[in-house]
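Please take a moment to look over the sequence and the three-dimensional picture below before reading on. The report is meant to be read side by side with them.

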Amino acid sequence: MIQYDRTYDVIVVGAGHAGCEAALAAARMGCQTLLLTINLDAVALMSCNPAIGGLAKGHLVKEIDALGGEMGKNIDATGIQFRILNMRKGPAVRASRAQADKQQYRLRMKAVLEHQDRLDLKQGEVTSLRLDGGELRGVDTRAGVRYCGKTVVLTTGTFMRGLIHIGLTNYPGGRAGDLPSVGLSDQLRDAGFEVGRLKTGTPARLDGRTIDFDRLEPQHGDDPPVPFSFSTERILQPQVPCHIAYTNPRSHEIIRSGLDRSPLYSGVIEGVGPRYCPSIEDKVVRFPEKDRHQTFIEPEGRDTVEVYPSGLSTSLPIDIQWAFYRSIEGLERVEIMRPAYAIEYDYVDPIQLHATLETKKVRNLYHAGQINGTSGYEEAAGQGLMAGINAALKVQGKEPLVLGRDEAYIGVMIDDLVTLGSREPYRMFTSRAEYRLLLREDNADLRLREKGYAIGLLPEEEYRSFCRKREQIGEELERVRRARITTSTTDPAFLREFDLEGMQQALSLEQFLRRPDITYAELERVDEVARTLPAAVREQVEIQVKYRGYIDRQLEQVERARKLEGTRIPDAFDYASLSGLSTEVREKLQRFRPDTLGQASRIAGVTPAALTILSIALKGRG
């Protein structure tokens, strides 16, 4: 083994969406960082759908951007269709989504990494960790090179013992066209980690030239497109449409005819698949009463004919795939360019992590992304960002950054993972957040910009711009409380239109704006200042005014829960010594080893009485 002549502060293994954010965060915070990946041409590759965001996932991207991450900027620069979902619903569940030019997304992210100070990119397969007395000292590669590092972030994606399935044919691979990583998960298992097996899948990639788009329903993006990043002023690149198609009863009969050769239903696949993103054969079997399923035909880029049929992932044999895709109206002549497949891979149960994403068994080792049992680019990127931040903070001898469930969707996700573990691929939903009215997309910068700046991740210019926006919001909230609509100074036609004639007392702009049918568009007709405000300031003020009662109620709930969240439990706490705990509760606490009393309260089966006993014991021990 040849030892490389340099010691890094942070070594990141894997250059998917988690690895990119981890490496950039560590380097931007001043750490000498190494990013190692099996294939440098696959940096930030979109292995599945060519899109960023969606319900709850858009919240994660906004939070990544607010802290100083790159994903939001990258999709803004390479997106080809932007949409805000749930616009008819309240602001808490609205979400941004964008189609990406898949190759441009990858190439831009690689360029950002290559030009980042204090960051080295190297191609190499990590086969083992260098351990020394329970601490990590570096990694070894298949090429026989040892890289020494103070901390290591593992972001291995689907590569650890990856196995690809197409029908009853299977072969090793991290994804189609890439080799798997072999050896690393075996070493983790030998080190005492609980290693499991998960499964995911992807649809075929189809030749757009062989699709009759005139027979499909077009779906256009928003005009103008709304950016993800708080630093992006506008989207400049041309936008393209997606198209909607549907399966039919004949499609479902074809799928059923191939189930005997499906690795999913013949017992070949051992791993657990994603509950909320099932394959098309899963949908047909589980929902036999449905005679059709929707698919969005999504372009993979401007300069390619490949398209992605969203929602039609499968691992059926290739002859069934041909017949199935061609049974869809408008796709009768379609050609498959890349077949659909399922992939099994190893993951490490995340209950073995602290909330910082550092492992409990090996110091200086952090896990992020699909190695923790999650699915999705956005979930991976959020974990990667936090792992990179905390690895850098540890090297610098500073306190870690842990986001609470009341502060960020990233905090909800990580708390879910490290508190409850994962037995199936984890996906973020707005319903997972108990304080979702506080955790909106629109206020991610107000929640997290200050934290990103404090740890040295957010650039000075972006922070100054944020401070100006925050000041304007505060000033405008104060102004609408003071400014009044009076009968003597307001256009009578306006007063009639909004039933304000004959009002006995002047109405504040805040009171007027609180009405559900009133927005700044109405307000600016009688208020000159309202016409001059930036759109982002108007949006924030309007939301805070309309939802103040609900927001205040959630803030009270947060305050009540804060005491539990702030009570830490020592790593080596002896639960066996506590009298009064049931055997079940004691076993669960010993297995999960929560970091705080708040985490303990979210473990299924840990009763309020058990929490009281634990709380008293912690007080007695100081």
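What follows goes from the chain as a whole to its sheets, and then to its aromatic rings.

## The chain as a whole

The coordinates come from a predicted model, and every value in this report was computed from that model. The secondary structure of the chain comprises 21 helices and 22 strands. Its radius of gyration is 26 Å, close to the 25 Å that the globule rule gives for 622 residues, and the chain is therefore as compact as a globular protein of that length. Taken along the principal axes, the box filled by the C-alpha atoms is roughly 85 × 70 × 50 Å. Of the 622 residues in the chain, 56% are buried.

## Sheets and strands

The partner of β12 is β19 (residues 341-348), to which β12 is joined by 8 bridges in the antiparallel sense, and Leu198 stands opposite Tyr345 in β19.

Another open sheet has 6 strands, ordered β14-β15-β16-β17-β13-β18, and the pairing is again antiparallel. Its edge strands are β14 (217-219) and β18 (336-338), each of which pairs on one side only, and the twist here averages 40 degrees from one strand to the next. Within this sheet, β14 and β15 (residues 242-246) run antiparallel and are joined by 3 bridges, with His243 in β15 as the bridge partner of Pro218.

Strand β4 (residues 79-85) has 6 of its 7 residues buried, so this strand is largely enclosed by the rest of the structure. β4 pairs with β5 (residues 95-100) in the antiparallel sense, and Gln81 has Gln99 in β5 as its bridge partner.

| Strand pair | Bridges and sense |
|---|---|
| β12 and β19 | 8 bridges, antiparallel |
| β4 and β5 | 6 bridges, antiparallel |
| β14 and β15 | 3 bridges, antiparallel |

## Aromatic rings

How many aromatic pairs does a search of the whole structure find? The search finds 9 aromatic pairs. Among them is the pair of Tyr453 and Tyr463, whose ring centres are 3.7 Å apart and whose planes are at 0 degrees, so the pair is stacked. This pair links distant parts of the chain, since Tyr453 belongs to helix α11 (residues 444-454) and Tyr463 to helix α12 (residues 460-482), with the two residues 10 apart. Tyr453 counts as partly exposed at 29% relative accessibility, whereas Tyr463 is buried, with a relative accessible area of 12%.

Elsewhere, ring pairs link Tyr4, Tyr8 and Tyr147 into a cluster. Charged side chains also lie over ring faces: Lys62 is over the face of Phe230, at 5.2 Å from the ring centre, and Arg432 is over the face of Tyr426, at 4.2 Å from the ring centre.

Technical notes
Residues numbered from 1 in each chain as written. Predicted model: local features only at pLDDT ≥ 70, side-chain atom pairs only at ≥ 80, totals over all residues. Heavy atoms only, no water. Phe/Tyr/Trp six-rings, centres within 6.5 Å; stacked < 30°, edge-to-face > 60°. Helix = DSSP H or I, 4+ residues; strand = E, 2+ residues; numbered from the N terminus. Buried < 20%, exposed > 50% of the residue type's maximum accessible area, 1.4 Å probe, protein only. Lys NZ or Arg CZ within 6 Å of the ring centre and 35° of its normal. Pairing = 2+ DSSP bridges. Rg over C-alpha atoms; globule rule 2.2 N^0.38 Å. Axes fitted to C-alpha atoms, helices over the stretch in contact; angles between N-to-C directions.
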